[in-house]
Amino acid sequence: METRLVNIGFGNIVSANRIVAIVSPESAPIKRIIAEARQQGQLIDATYGRRTRAVIITDSEHVILAAVQPETVANRLAAKEQAVEATNA
């Protein structure tokens, strides 16, 4: 299995294979997940001081904060998958 990477803004890249969920940060449960990850040292802030618009949860239980919309990350991920399928066909 090859490693696929997805850009999450400002030159930051995440392994697409490790992403479990991409969610909006507004709900109380997601805010709790962020706070718990911060306490456990598993929070990665990739916002460069900007407003958090997407929260990426990985299979290693790391929580990544991004300044781009969840839809943007999902679209970039989908575009990557289509490109991989096109090269394999």
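Thr47 and Asp45 make a polar contact through their side chains, at 2.5 Å. Keep in mind that this is a predicted model. Thr47 sits in the loop between strand 4 and strand 5, and with a relative accessible area of 3% it counts as buried, because the cut-off is under 20%.

**Around Thr47**
- Leaving aside residues up to four places away in sequence, Thr47 touches Phe10, Thr52, Leu65, Ala66 and Ala67.
- One of those contacts, Phe10, turns up again in the aromatic pair.

**The aromatic pair**
- How many aromatic pairs are there? The count comes to one.
- Is Tyr48 buried or exposed? At 54% relative accessibility, Tyr48 is exposed, because the cut-off is over 50%.
- Phe10 has a relative accessible area of 41%, so this residue falls in the partly exposed class.

**The hairpin of strands 1 and 2**
- Strand 1 and strand 2 run antiparallel and are joined by four bridges.
- Together they make a hairpin with two residues between the strands.
- Phe10 lies in the turn and has a positive phi of about 60°.
- Which residue in strand 2 is the bridge partner of Leu5? That would be Ser15.
- Asn12 belongs to strand 2 (residues 12–15), and its relative accessible area of 19% makes it buried, because the limit is under 20%.
- Setting aside residues up to four places away in sequence, Asn12 touches Val6, Asn7, Ala46 and Tyr48.

**Salt bridges**
- Searching the whole structure turns up two salt bridges.
- One is between the side chains of Arg18 and Asp59, at 2.6 Å from N to O.
- Those two residues are 41 apart in the chain, with Arg18 in the loop between strand 2 and strand 3 (19–23) and Asp59 in the loop between strand 5 and strand 6.
- Both ends come out as partly exposed: Arg18 at 40% relative accessibility, Asp59 with a relative accessible area of 45%.
- The side chains of Glu26 and Arg51 meet in a salt bridge too, at 3.6 Å from N to O.
- Here the partners are 25 residues apart: Glu26 is in the loop between strand 3 and helix 1 (28–40), and Arg51 is in the loop between strand 4 and strand 5.
- Glu26 is partly exposed at 49% relative accessibility, whereas Arg51, with a relative accessible area of 53%, is exposed.

**Val63 in strand 6**
- Val63 is part of strand 6 (residues 63–66).
- Is Val63 buried or exposed? Its relative accessible area is 3%, so Val63 is buried.
- Not counting residues up to four places away in sequence, its contacts are Ile33, Ile34, Ala37, Gln42, Leu43, Ile44, Val55 and Ile56.
- From C-alpha to C-alpha, Val63 and Tyr48 are 15 Å apart in space, and they are 15 residues apart in sequence.

Definitions and conventions. Residues numbered from 1 in each chain as written. Predicted model: local features only at pLDDT ≥ 70, side-chain atom pairs only at ≥ 80, totals over all residues. Heavy atoms only, no water. Buried < 20%, exposed > 50% of the residue type's maximum accessible area, 1.4 Å probe, protein only. Contact = heavy atoms within 4.5 Å. Phe/Tyr/Trp six-rings, centres within 6.5 Å; stacked < 30°, edge-to-face > 60°. Polar contact = N/O pair within 3.5 Å; in protein donor to acceptor, adjacent residues only side chain to side chain. Pairing = 2+ DSSP bridges. Salt bridge = Lys/Arg side-chain N within 4 Å of Asp/Glu carboxyl O.
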